[in-house]
Amino acid sequence: MEKELNNAIDLRKNGNYRESNEILLKLVQEFPDHASINYQCAWSFDLLGEEAKAVPFYEKGIRLGLPSEELEGALLGLGSTYRTLGEYEKSKSTLLKGIELFPNNKVIQTFYSMTLYNLNEHSEAMELLLKCLIETTSDTEILGYKKAIEFYSEKFDEVWM
(Lines give C-alpha, C1' and ligand atoms only; values in the text may rest on other atoms or scores of the structure.)
Protein backbone atom coordinates (compact mmCIF):
# COMPACT_ATOMS: atom_id res chain seq x y z
CA MET A 1 0.00 0.00 0.00
CA GLU A 2 2.77 2.49 0.89
CA LYS A 3 4.52 1.81 -2.41
CA GLU A 4 1.34 2.49 -4.40
CA LEU A 5 0.59 5.62 -2.37
CA ASN A 6 4.10 6.97 -2.93
CA ASN A 7 3.81 6.16 -6.63
CA ALA A 8 0.53 8.12 -6.85
CA ILE A 9 2.14 11.09 -5.07
CA ASP A 10 5.14 10.97 -7.41
CA LEU A 11 2.84 10.87 -10.43
CA ARG A 12 1.01 13.93 -9.09
CA LYS A 13 4.29 15.78 -8.54
CA ASN A 14 5.19 15.07 -12.17
CA GLY A 15 1.87 16.37 -13.47
CA ASN A 16 0.26 12.99 -14.18
CA TYR A 17 -2.93 13.92 -12.33
CA ARG A 18 -5.35 11.50 -13.95
CA GLU A 19 -3.10 8.46 -13.44
CA SER A 20 -2.44 9.50 -9.86
CA ASN A 21 -6.16 9.88 -9.24
CA GLU A 22 -6.90 6.41 -10.64
CA ILE A 23 -4.37 4.81 -8.29
CA LEU A 24 -5.72 6.77 -5.32
CA LEU A 25 -9.31 5.75 -6.10
CA LYS A 26 -8.25 2.10 -6.07
CA LEU A 27 -6.38 2.60 -2.80
CA VAL A 28 -9.34 4.31 -1.13
CA GLN A 29 -11.55 1.38 -2.15
CA GLU A 30 -9.06 -1.06 -0.60
CA PHE A 31 -8.37 1.08 2.49
CA PRO A 32 -11.51 3.20 3.05
CA ASP A 33 -10.57 4.11 6.63
CA HIS A 34 -7.04 5.30 5.88
CA ALA A 35 -7.03 9.05 6.56
CA SER A 36 -4.01 9.91 4.40
CA ILE A 37 -5.30 8.01 1.38
CA ASN A 38 -8.62 9.86 1.62
CA TYR A 39 -6.77 13.17 1.84
CA GLN A 40 -4.52 12.37 -1.13
CA CYS A 41 -7.55 11.26 -3.14
CA ALA A 42 -9.33 14.55 -2.36
CA TRP A 43 -6.25 16.50 -3.42
CA SER A 44 -6.14 14.56 -6.69
CA PHE A 45 -9.73 15.51 -7.50
CA ASP A 46 -8.96 19.17 -6.78
CA LEU A 47 -6.09 19.08 -9.24
CA LEU A 48 -8.40 17.65 -11.88
CA GLY A 49 -10.86 20.51 -11.33
CA GLU A 50 -13.43 18.12 -9.88
CA GLU A 51 -13.92 19.93 -6.59
CA ALA A 52 -17.33 18.45 -5.75
CA LYS A 53 -15.83 14.95 -5.89
CA ALA A 54 -13.01 16.02 -3.55
CA VAL A 55 -15.27 17.10 -0.67
CA PRO A 56 -16.27 13.70 0.78
CA PHE A 57 -12.65 12.52 0.71
CA TYR A 58 -11.41 15.67 2.49
CA GLU A 59 -14.18 15.36 5.07
CA LYS A 60 -13.50 11.69 5.71
CA GLY A 61 -9.73 12.13 5.91
CA ILE A 62 -10.14 14.91 8.47
CA ARG A 63 -12.73 12.92 10.43
CA LEU A 64 -10.46 9.85 10.53
CA GLY A 65 -7.56 11.89 11.93
CA LEU A 66 -4.66 13.15 9.87
CA PRO A 67 -1.15 13.93 11.03
CA SER A 68 -0.63 17.66 11.62
CA GLU A 69 1.04 18.47 8.28
CA GLU A 70 -1.66 16.70 6.29
CA LEU A 71 -4.43 18.17 8.46
CA GLU A 72 -3.10 21.63 7.65
CA GLY A 73 -3.29 20.91 3.91
CA ALA A 74 -6.67 19.19 4.20
CA LEU A 75 -8.29 22.10 6.02
CA LEU A 76 -6.91 24.49 3.43
CA GLY A 77 -8.03 22.25 0.56
CA LEU A 78 -11.50 21.63 1.96
CA GLY A 79 -12.06 25.27 2.89
CA SER A 80 -10.95 26.42 -0.54
CA THR A 81 -13.07 23.77 -2.24
CA TYR A 82 -16.17 24.78 -0.28
CA ARG A 83 -15.55 28.37 -1.40
CA THR A 84 -15.32 27.43 -5.08
CA LEU A 85 -18.58 25.50 -4.72
CA GLY A 86 -20.31 28.54 -3.22
CA GLU A 87 -20.60 27.00 0.25
CA TYR A 88 -19.20 30.09 1.92
CA GLU A 89 -20.28 29.42 5.51
CA LYS A 90 -18.73 25.94 5.40
CA SER A 91 -15.61 27.47 3.88
CA LYS A 92 -15.47 30.08 6.62
CA SER A 93 -15.78 27.59 9.48
CA THR A 94 -13.28 25.17 7.93
CA LEU A 95 -10.67 27.84 7.24
CA LEU A 96 -11.24 29.40 10.66
CA LYS A 97 -10.51 26.01 12.22
CA GLY A 98 -7.33 25.93 10.13
CA ILE A 99 -6.34 29.38 11.39
CA GLU A 100 -6.97 28.34 14.99
CA LEU A 101 -4.87 25.19 14.64
CA PHE A 102 -2.18 26.73 12.39
CA PRO A 103 -2.06 30.45 13.24
CA ASN A 104 1.16 31.07 11.28
CA ASN A 105 -0.15 29.67 8.01
CA LYS A 106 -0.59 32.71 5.78
CA VAL A 107 -2.01 30.65 2.91
CA ILE A 108 -4.99 29.58 5.02
CA GLN A 109 -5.46 33.20 6.10
CA THR A 110 -5.34 34.35 2.47
CA PHE A 111 -7.99 31.86 1.40
CA TYR A 112 -10.04 32.84 4.45
CA SER A 113 -9.92 36.47 3.29
CA MET A 114 -11.31 35.37 -0.09
CA THR A 115 -14.19 33.64 1.69
CA LEU A 116 -14.83 36.75 3.77
CA TYR A 117 -15.04 38.70 0.53
CA ASN A 118 -17.61 36.23 -0.82
CA LEU A 119 -19.62 36.73 2.38
CA ASN A 120 -19.55 40.51 1.85
CA GLU A 121 -17.29 40.96 4.88
CA HIS A 122 -15.07 43.22 2.80
CA SER A 123 -13.39 45.22 5.56
CA GLU A 124 -12.37 42.08 7.45
CA ALA A 125 -11.15 40.48 4.23
CA MET A 126 -8.99 43.47 3.32
CA GLU A 127 -7.62 43.83 6.84
CA LEU A 128 -6.50 40.21 6.94
CA LEU A 129 -5.11 40.28 3.42
CA LEU A 130 -3.10 43.44 4.07
CA LYS A 131 -1.72 42.01 7.31
CA CYS A 132 -0.66 38.86 5.45
CA LEU A 133 1.01 41.02 2.82
CA ILE A 134 2.92 43.11 5.36
CA GLU A 135 4.04 40.03 7.30
CA THR A 136 5.27 38.12 4.26
CA THR A 137 6.51 40.61 1.69
CA SER A 138 10.13 41.40 1.01
CA ASP A 139 9.22 44.28 -1.31
CA THR A 140 11.11 47.27 0.08
CA GLU A 141 8.66 49.81 -1.35
CA ILE A 142 5.69 48.15 0.37
CA LEU A 143 7.69 47.76 3.58
CA GLY A 144 8.42 51.49 3.44
CA TYR A 145 4.70 52.03 4.00
CA LYS A 146 4.28 49.23 6.54
CA LYS A 147 3.09 51.45 9.42
CA ALA A 148 0.60 53.28 7.23
CA ILE A 149 -0.77 50.05 5.73
CA GLU A 150 -1.12 48.51 9.20
CA PHE A 151 -2.86 51.65 10.49
CA TYR A 152 -5.33 51.91 7.61
CA SER A 153 -5.97 48.15 7.37
CA GLU A 154 -8.46 48.48 10.24
CA LYS A 155 -9.97 51.79 9.12
CA PHE A 156 -11.42 51.29 5.65
CA ASP A 157 -14.68 53.02 6.44
CA GLU A 158 -13.21 56.03 8.26
CA VAL A 159 -12.99 59.41 6.61
CA TRP A 160 -10.73 62.16 7.93
CA MET A 161 -11.78 65.76 7.38
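Figure 1. K131 and E127 both belong to helix α8, where they stand four residues apart, about one turn of the helix. Their side chains meet in a salt bridge, with 2.9 Å from N to O. The model shown here and in the other views is a predicted one. Side chains of opposite charge can pair when their charged atoms come close. K131 counts as partly exposed, at 29% relative accessibility. E127 counts as partly exposed as well, at 23% relative accessibility. Both values fall between the limits of 20% for buried and 50% for exposed, which is why the term "partly exposed" applies.

Figure 2. The side chains of K106 and E135 meet in a salt bridge, at 2.3 Å from N to O. This pair links distant parts of the chain: K106 is found in helix α7 (residues 106-118) and E135 in helix α8 (residues 122-136), 29 residues apart. K106 has a relative accessible area of 22% and is therefore partly exposed.

**Figure 3. The loop between helices α7 and α8.** N120 is located in the loop between α7 and α8. Its phi angle is near 60°, a positive value in a residue other than glycine. With a relative accessibility of 57%, N120 counts as exposed, because the term is used for values over 50%.

Figure 4. E50 and R18 are joined through their side chains by a salt bridge of 3.2 Å, N to O. E50 lies in the loop between α3 and α4 (51-64), whereas R18 lies in helix α2 (residues 17-30), so the pair ties together parts that are 32 residues apart in sequence. In the model as a whole, the count comes to eight salt bridges.

**Figure 5. The packing of helices α1 and α3.** Two packed helices are described by the angle between their axes and the distance between the axes. Helix α1 (residues 2-13) packs with α3 at an angle of about 25°, and the two axes are 11 Å apart. The two helices are therefore roughly parallel to each other, because angles under 35 degrees are given that description. The crossing that α1 and α3 form is left-handed.

Figure 6. Y17, W43 and L47 make a nonpolar surface patch of about 240 Å². W43 has its place in helix α3 (residues 35-47). W43 is partly exposed, and its relative accessible area is 30%.

Figure 7. I37 lies in helix α3, and F57 has its place in helix α4. I37 counts as buried at 0% relative accessibility. F57 is also buried, with a relative accessible area of 19%. For both residues the value is under 20%, which is why each is called buried. The C-alpha atoms of I37 and G61 are separated by 7.6 Å, although these residues are 24 residues apart along the chain. Likewise, F57 and Q40 are 17 residues apart along the chain, and their C-alpha atoms are separated by 8.3 Å.

**Figure 8. The chain that holds these details.** The chain contains ten helices and zero strands. Read along the sequence, its pattern is α-α-α-α-α-α-α-α-α-α. Taken along the principal axes, the C-alpha atoms fill a box of roughly 65 × 30 × 25 Å. The chain has 161 residues, of which 39% count as buried.

Terms used: Residues are numbered from 1 along each chain as its sequence is written. This is a predicted model: local features need pLDDT of at least 70, side-chain atom pairs count only at pLDDT 80 or more; totals for chains, interfaces and linings use all residues. Side-chain values use heavy atoms; hydrogens and water are left out. Patches are made of residues with over 30% relative accessible area and no salt bridge: like charges are joined within 9 Å, nonpolar side chains (Val, Leu, Ile, Met, Phe, Trp, Tyr) within 5 Å. Accessible areas come from the Shrake-Rupley method with a 1.4 Å probe; for residues, only the protein chains shown count as cover. A salt bridge is a side-chain nitrogen of Lys or Arg within 4 Å of a carboxyl oxygen of Asp or Glu. Buried means under 20% relative accessible area, exposed over 50%, partly exposed in between (1.4 Å probe, protein chains only). Axes are lines fitted to C-alpha atoms, for helices over the stretch in contact, and angles run from 0 to 180 degrees between N-to-C directions. Angles under 35 degrees count as roughly parallel, over 145 as roughly antiparallel, 65 to 115 as roughly perpendicular and the rest as oblique. A crossing is left-handed if the near helix is turned anticlockwise from the far one by less than a right angle, and right-handed if clockwise.
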